[in-house]
Every structure is written in C-alpha cells, then in structure tokens.
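User: I would like to study the disulfides and the nonpolar core of this structure. Please take me through them step by step.

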Amino acid sequence: MKFFWMISFFLLQDTGAFLMKNAKVKLCLQASPASGNVLLEECNPESDLQDWSWRGDSLMNQGTRSCLSVEGANSLQTRPCGSTGYTSWDCSHSLLSPLGSSQGYLVASRKGIALSNVRGLKAQWQDAEDRSVCEEKAEQEVYFLAALTSTQGYEHTTGTQQVLGMDQEELEELLWFFRQEDSSSWNYSILALSSMAMTLGLVLLTINISRNRQRKLLTYQAAVQTALQAELEAKQALMPVQQENSPAQLKKQEPVPQDQRSGDVVVQWKDGTVTSLYTERPEDAI
C-alpha cells in the first residue's frame, strides 16, 4: 500500500506549476541557474525558470529544482530544498512572508525584490490568471491529500494523523523522497517510447509509399495493354477495306476498250465512256 501512494506522489510531483507575477510591476519571479539569484523579468509561460510550485511550505523553481530562500538580512536566492537554512513561506491574502520570522513580506520594485513591511500591491503575488499564489498552495495541498486519502479517510490517534497505517514520521519521509526525486529515468523512458513510435511511423510510411508505387505501375501497364489491344483491333477492322481498294483489284475492274490500239491516247470520262483523244483519219480524207 505504501508503494501505491509513492506512485501517486510521483505522478503528482510536477503538477501545480505557476508563474509568480507581482501585482504592481507586472513582472515575474525568475531564478538564475548559474548564480542562484532571483530576478524580475517579463513574464514568459514557456520558461521553466519562471515556473514555481508549492512543496509543502516551500516554493520550488521547476527550472533549477531549488527553493526560494532568504539569505542574510534582506537578500533572496534559491538554494537546494531541504538544505540547512532554507526558507519556508507563509502565504495569506497573496502576501508571502518567511515562516516564523518578522522580516516582513516579499516585495517587488523596479530595482528587484526584497523583504519589507509594505502590504500594498508591491507585496501581492499572483499567477498568470491573476489568482493569488495562496490559492495555488491550497489546490496543491488538495492534490496531495487526495493521493493520501483512502476510502476510510483519516484516523486520528493521540493527536497524530495516521494515513493508511503510516505514522507522521513515515509520511514526512515519503514527502521528502518525492521532493528530492530525480525524474531523469521517467524522461529517458518517454524519450525511448517516442523514438520507437517515430521508427514505427517511418516503417509504415515506407510500406505505404512502396505499395502506392506498385499500384500505379500496375495501372499504367493495364492502360498500355488496353491501348495496344484497341490499336490492334482497329488495324484488323481496316484490313478488308484496304484489300477491296487495292491497286490490283482496281486494275481488274478497270474496263479496257476492245478497239484500243498501241499509241492511241484515250480518255475515260466520269460517266464511264472511253473515247480516243486523237482519232486517226484516213489518208484519203486528207
């Protein structure tokens, strides 16, 4: 059963990421992976360095996987979550203040961020939809409670909550495990599955292209065969007509005058009569 809830925490560990936008200056809190400094930049929902999430009372940056902490009297940086001296935050009415401290509230200005006792818009932090970051914390707690709550609910014993047979120490250990768990194995698994899906897609595409080419080739060959067959039939249909109109047949049908002699010039008229162009006169008539 404990392993089941560990899986539930693993699936929910990256939920609830949000931007931290100041209500006054309209700039977002951004972590620096190199120096650990915290800056105010133009809001960019695509940047992991501007994505924050609640981990209990800590604010963790999704890009650096480190938590927002107070360094010195009035300086803020990110440092590994759970390390010595990291800061827990109290959130109320969009105001953030170090838990158990009287240093003031997290305030933004054009110069940067600091701790101050100001309670105006400069100290109010919202997400991209202008909701309070405190609402984000409440929703995050609901996610974790839903993962830990069984059908029987919570059992209260001696002032300590026991969830599914786990005491408070085991529960804190479980929360700490998923707070520090590296998601590299999960990312590598997704990458491997994506590669396999891409390879399968390429194989199917190659098979489809090959079959389309074969189908087009068969269609072309059938069309050529049909054209040749039609041409052959047309030639066979014309052969009797050509034989009837051949020169040999015409020569046989052509009438030859009985009285035609060698050297005579004769003319065959349209009506079929044949006459001599030059009639030979007897010498006596001349």
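User: Which residues does Leu 96 touch, not counting residues up to four places away in sequence?

Analyst: This is a predicted model, in which local features need pLDDT of at least 70 and side-chain atom pairs count only at pLDDT 80 or more, while totals for chains, interfaces and linings use all residues. Residues are numbered from 1 along each chain as its sequence is written, and side-chain values use heavy atoms, with hydrogens and water left out. Contact means heavy atoms within 4.5 Å. By that rule Leu 96 touches Met 20, Trp 54, Leu 59, Trp 89, Asp 90, Cys 91, Gly 104, Tyr 105, Leu 106, Ala 123, Trp 125 and Val 133.

User: How many residues does the largest nonpolar core have?

Analyst: A nonpolar core is a set of buried Ala, Val, Leu, Ile, Met, Phe, Trp, Tyr and Cys residues joined through side-chain atoms within 4.5 Å. Buried means under 20% relative accessible area, exposed over 50%, and partly exposed in between, with a 1.4 Å probe and protein chains only. In the largest core, Trp 89, Leu 96 and Trp 125 have the most contacts, and the residues number 24.

User: How many disulfides does a search of the whole structure find?

Analyst: A disulfide is a pair of cysteine sulfur atoms within 2.5 Å. Counted along the chain, the bonded cysteines follow the pattern 1-2, 3-4, 5-6. The number of disulfides found is 3.

User: Is Cys 43 buried or partly exposed?

Analyst: Cys 43 is joined to Cys 28 by a disulfide, with an S to S distance of 1.9 Å. Cys 28 has a relative accessible area of 0% and is therefore buried. For Cys 43 the relative accessible area is 30%, so this residue is partly exposed.

User: Is the link of Cys 67 and Cys 81 right-handed or left-handed?

Analyst: The sulfur atoms of Cys 67 and Cys 81 lie 1.8 Å apart, and both residues are buried. With 100 degrees about the S-S bond, their link is right-handed.

User: Why is the disulfide of Cys 91 and Cys 134 left-handed?

Analyst: In this disulfide the sulfur atoms are 1.9 Å apart. The disulfide of Cys 91 and Cys 134 is left-handed because the torsion about its S-S bond is about -95 degrees.

User: How many residues apart in sequence are the parts that Cys 91 and Cys 134 tie together?

Analyst: Helices (H or I, at least four residues) and strands (E, at least two) are DSSP runs, numbered from the N terminus. Because Cys 91 lies in strand β8 and Cys 134 in helix α2, the pair ties together parts whose separation in sequence is 43 residues.
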